[in-house]
Amino acid sequence: MISALVAAIWLMMPAYVPNSAAAALGGGTPVDFGRRWSDGRRILGDGKTWRGFALGVAAGVGVGLVEIWAQTAFNLSSLPEHTVLTVFLFAAGALLGDMVKSFFKRRFGKERGEEWLIADQYDFVIGAFVLTAIFQWTWLAENLDLMVLIWILVLTPLLHRLANIIGYLAGVKDVPW
Ligand code: CTP
Ligand code: MG
Ligand code: K
């Protein structure tokens with residue numbers, strides 16, 4: 001039970017970090033370059049920037065590399081063992097999932113930053129899993145058992161909310177969600 005909780009956090013860290021890093025470090029040119037979709041609304045909106053994406057992925061990979069190092073240094077063999085590739089897939093998948101979500105958010109007429117329950121909380125988990133499933137299916141199947149998945153589903157909205165409240169108080173997010 002507890003070990004599955006620790007495994008869940010360990011596994012997801014490279015996907016959790018990019019969100020906060022993007023909020024703290026993002027800005028500048030939007031990924032959609034300000035262009036609009038056929039419905040007249042922005043394709044993604046000003047909340048998705050190239051700098052946020054690049055630095056977010058870099059931060060997620062950075063944290064993942066520290067995890068990889070720690071696993072060998074401290075022989076943490078009971079934890080899910082990330083590789084350089086899976087760390088990258090988690091980090092990039094997280095922010096790609098976040099962008100796909102924003103695309104649909106705009107199509108449903110929701111403004112940038114407006115809350116969209118479930119989607120806002122799980123976009124990066126789904127993105128990380130989908131990208132990893134495409135390129136590292138066997139690794140994912142070996143490292144994601146049911147208890148770990150349940151913990152991820154329980155913990156993710158809580159950590160997401162906590163991170164956003166901290167981001168709001170720190171002044172890097174306009175809204176605490
Ligand atoms: N951010 C960024 N680039 C990204 C993702 C996030 O620059 N690829 C930054 C933006 O400043 C964004 C903030 O992180 O406002 C918070 O991210 P998020 O909550 O995902 O974006 P929202 O502003 O809520 O936009 P949306 O409604 O499209 O989700
Ligand atoms: Mg948001
Ligand atoms: K998000």
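This report describes the pockets, an ion site, the aromatic pairs and some backbone features of a predicted model.

Residues are numbered from 1 along each chain as its sequence is written, and chains are lettered from A and ligands numbered from 1 in the order in which they are written. In this predicted model, local features need pLDDT of at least 70 and side-chain atom pairs count only at pLDDT 80 or more, while totals for chains, interfaces and linings use all residues; side-chain values use heavy atoms, with hydrogens and water left out.

## Confidence

The protein has a mean pLDDT of 95, and 99% of its residues reach 70 or more. Here pLDDT is the predictor's confidence in each residue, from 0 to 100. Among the elements, H3 has the highest mean pLDDT (98) and H6 the lowest (94). Helices (H or I, at least four residues) and strands (E, at least two) are DSSP runs, numbered from the N terminus.

## Pockets

Grid points are joined across faces, edges and corners, and the volume is the space filled by probe spheres set on the points. In the classes below, Ala, Val, Leu, Ile, Met, Phe, Trp, Tyr, Cys and Pro count as nonpolar, Asp, Glu, Lys and Arg as charged, and the others, Gly among them, as polar.

| Pocket | Volume | Lining residues | Classes in the lining |
|---|---|---|---|
| Largest | about 1100 Å³ | 44 residues | 19 nonpolar, 13 polar, twelve charged residues |

The residues nearest the centre of the largest pocket are Asn 19, Ala 22, Ala 23, Asn 164 and Lys 173. At least two lining residues come from each of helix H1 (2–25), helix H2 (50–73), helix H3 (84–107), helix H4 (119–135) and helix H6 (146–170). H1 gives the largest share of this lining, with nine residues.

H3 and H4 are the elements that give two or more residues to its lining, and the largest share, eight residues, comes from H4.

Donors are N, O and S atoms within 2.8 Å of the metal (3.2 Å for Na, K and Ca); water is not among the atoms, so sites may look incomplete. The potassium ion (ligand 3) and the magnesium ion (ligand 2) are separated by 5.0 Å. Because Asn 19 lies in helix H1 and Asp 98 in helix H3, the pair ties together parts that are 79 residues apart in sequence. Asn 19 and Asp 98 are both buried. Buried means under 20% relative accessible area, exposed over 50%, and partly exposed in between (1.4 Å probe, protein chains only).

## Aromatic pairs

The whole structure holds eight aromatic pairs. Rings of Phe, Tyr and Trp (its six-membered ring) pair if their centres lie within 6.5 Å; planes under 30 degrees apart count as stacked, over 60 as edge-to-face and the rest as tilted.

The ring centres of Phe 90 and Phe 129 are 6.1 Å apart and their planes stand at 75°, so this pair is edge-to-face. Since Phe 90 belongs to helix H3 and Phe 129 to helix H4, the pair ties together parts that are 39 residues apart in sequence. Phe 90 is buried, with a relative accessible area of 0%, and Phe 129 is buried at 13%.

Phe 90 also forms an edge-to-face pair with Trp 139, with 5.9 Å from centre to centre and 85° between the planes. Trp 139 lies in helix H5 (residues 137–143) and Phe 90 in helix H3, so this pair ties together parts that are 49 residues apart in sequence. Trp 139 is buried, as is Phe 90. Elsewhere, ring pairs link Trp 37, Phe 103 and Phe 104 into a cluster.

## Backbone features

Most residues other than glycine have a negative phi. Phe 33, in the loop between H1 and H2, has a positive phi of about 55° although it is not a glycine. Asn 75, in the loop between H2 and H3, has a positive phi near 55°. Asn 75 is exposed, with a relative accessible area of 60%.

Ile 9, in helix H1, is partly exposed, with a relative accessible area of 31%. The C-alpha atoms of Ile 9 and Trp 151 are separated by 8.5 Å, although the two residues are 142 residues apart along the chain.

Definitions and conventions:
On a 1 Å grid over the protein atoms alone, a cavity is a set of points where a 1.4 Å probe fits but cannot get out, and a pocket is an open set with protein on both sides within 12 Å along at least five of seven lines; lining residues have an atom within 4 Å of a point.
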